[in-house]
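Dear colleague,

Please find the structure for your review directly below. My notes on it follow.

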Amino acid sequence: MLLQDYFADQLHQLRLFFDDPETGAKLLAVDETLISIVERTLVKLDGLEDNPHVLHPSTVPFSDPAQYATAVLGDLVAENEVFRDDFASAGITLPRPVDADPVTQLGDYVQRLSDCWPPSEGNYIVVLHPETVANPEAFLQFAESVAKLTTPPIVKWSCFVDGVIVPSDFPPDHPVLPLQRWEASNQEVQQDVAEQLGNPQIPPSERLKLTSMAAGFAAGEGDLESSELLHRKTIELARQQNDLPGEATAHYHVGNALMAQQEFASAEGPLSQCVSL
């Protein structure tokens, strides 16, 4: 079907990037209605047995390069330090941040980590997925700058953003940030989703994915109430399948939908549940 073929092709391109020894960065411009699906796809990809790579996502908001680089570096250091002993047993010596400007600090830390990263552990992929981007042009400049500070094959930067922040004339063959667009918000795909959801025979995992997509389509059309209800349905489906990443992502989007409706007190519960999961 159209939808399965589309996602299979996009996922194939992403995995080719993960395995490519020559490419050190990729810009993923994702249609707003597909963001929750791509989030879940990346989380599941990280856990697949046939994916040898380590994915480290960071969702801190982007205000300016210095603020963002400092926050991302803080994320990386905090998570890695928890596993310092495990890294040491694998022959990996965690670096300490150098005294430099924030962007250089981030690039240097990731590069020195990759320098002692054993090939048997796959590649180290930093997923830059800012929750919000205050200055799209500055973010793209930052992504290019930090990618230039590191060299493949071990370290890779996957910059995953809402497609609206990437200009329509951004070159797909950019020398530092080759572009991959995930665009499927047309009526044909939405109709395909609706038709498949109407089929009682579709597998539970597929129903979960399609329901999450339908929630994204509703949000994209400004129907926040329907989006919230569909994300709550996604939570139920995820629980039935013991899909904790999928459930956490759905809680996050329920909270966002409630906040967009200015129901701030009600949003606290789903967002807290997302964090706890």
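Two strands are taken to pair if DSSP finds at least two bridges between them; helices (H or I, at least four residues) and strands (E, at least two) are DSSP runs, numbered from the N terminus. This is a predicted model, in which local features need pLDDT of at least 70 and side-chain atom pairs count only at pLDDT 80 or more, while totals for chains, interfaces and linings use all residues. Residues are numbered from 1 along each chain as its sequence is written, and side-chain values use heavy atoms, with hydrogens and water left out.

The sheet

Five strands form an open sheet in the order β2-β3-β4-β1-β5, with parallel pairing. Its edge strands, β2 (54–58) and β5 (179–182), each pair on one side only. Neighbouring strands are turned by 20° against each other on average, direction ignored; axes are lines fitted to C-alpha atoms, for helices over the stretch in contact, and angles run from 0 to 180 degrees between N-to-C directions. Strand β1 (residues 25–30) pairs with β5 in the parallel sense over four bridges, and Val-30 has Trp-182 of β5 as its bridge partner.

Helix α3 (residues 65–82) touches β2 and β3 (124–128), and its direction makes about 135° with that of β2. Helix α6 (residues 136–148) touches β1, β3 and β4 (155–162), and its direction makes about 170° with that of β4.

The nonpolar cores

A nonpolar core is a set of buried Ala, Val, Leu, Ile, Met, Phe, Trp, Tyr and Cys residues joined through side-chain atoms within 4.5 Å. Buried means under 20% relative accessible area, exposed over 50%, and partly exposed in between (1.4 Å probe, protein chains only). The largest core has 41 residues, and those with the most contacts inside it are Leu-27, Leu-106, Phe-139, Phe-142 and Trp-157. At least two residues each come from β1, α3, α5 (102–115), β3, α6 and β4, and α6 gives the most, with seven residues. Leaving aside neighbours within four places in sequence, Leu-106 is in contact with residues including Leu-73, Phe-142 and Trp-157.

Helix α5

The buried residues of α5 include Val-103, Leu-106, Tyr-109 and Leu-113, and what covers the buried residues of this helix includes α3, β3, α6 and β4. The 14 residues of α5 should span 20 Å at 1.5 Å a residue, which agrees with end C-alpha atoms 20 Å apart; the expected span is 1.5 Å times one less than the number of residues.

Most residues other than glycine have a negative phi, and most peptide bonds are trans. The peptide bond from Pro-152 to Pro-153 is cis, with omega near 15°, and Pro-153 lies in the loop between α6 and β4. Asn-242, in the loop between α9 and α10 (244–260), has a positive phi near 55°. Gln-262, in the loop between α10 and α11 (264–276), has a positive phi near 60°. Asn-242 is exposed, with a relative accessible area of 63%, and Gln-262 is exposed as well, at 60%.

His-231 is placed in helix α9 (residues 224–240). His-231 counts as buried because its relative accessibility is 4%. Not counting residues up to four places away in sequence, His-231 touches Ser-36, Ser-212, Ala-215, Ala-250, His-253 and Val-254.

Kind regards

Conventions:
Contact means heavy atoms within 4.5 Å.
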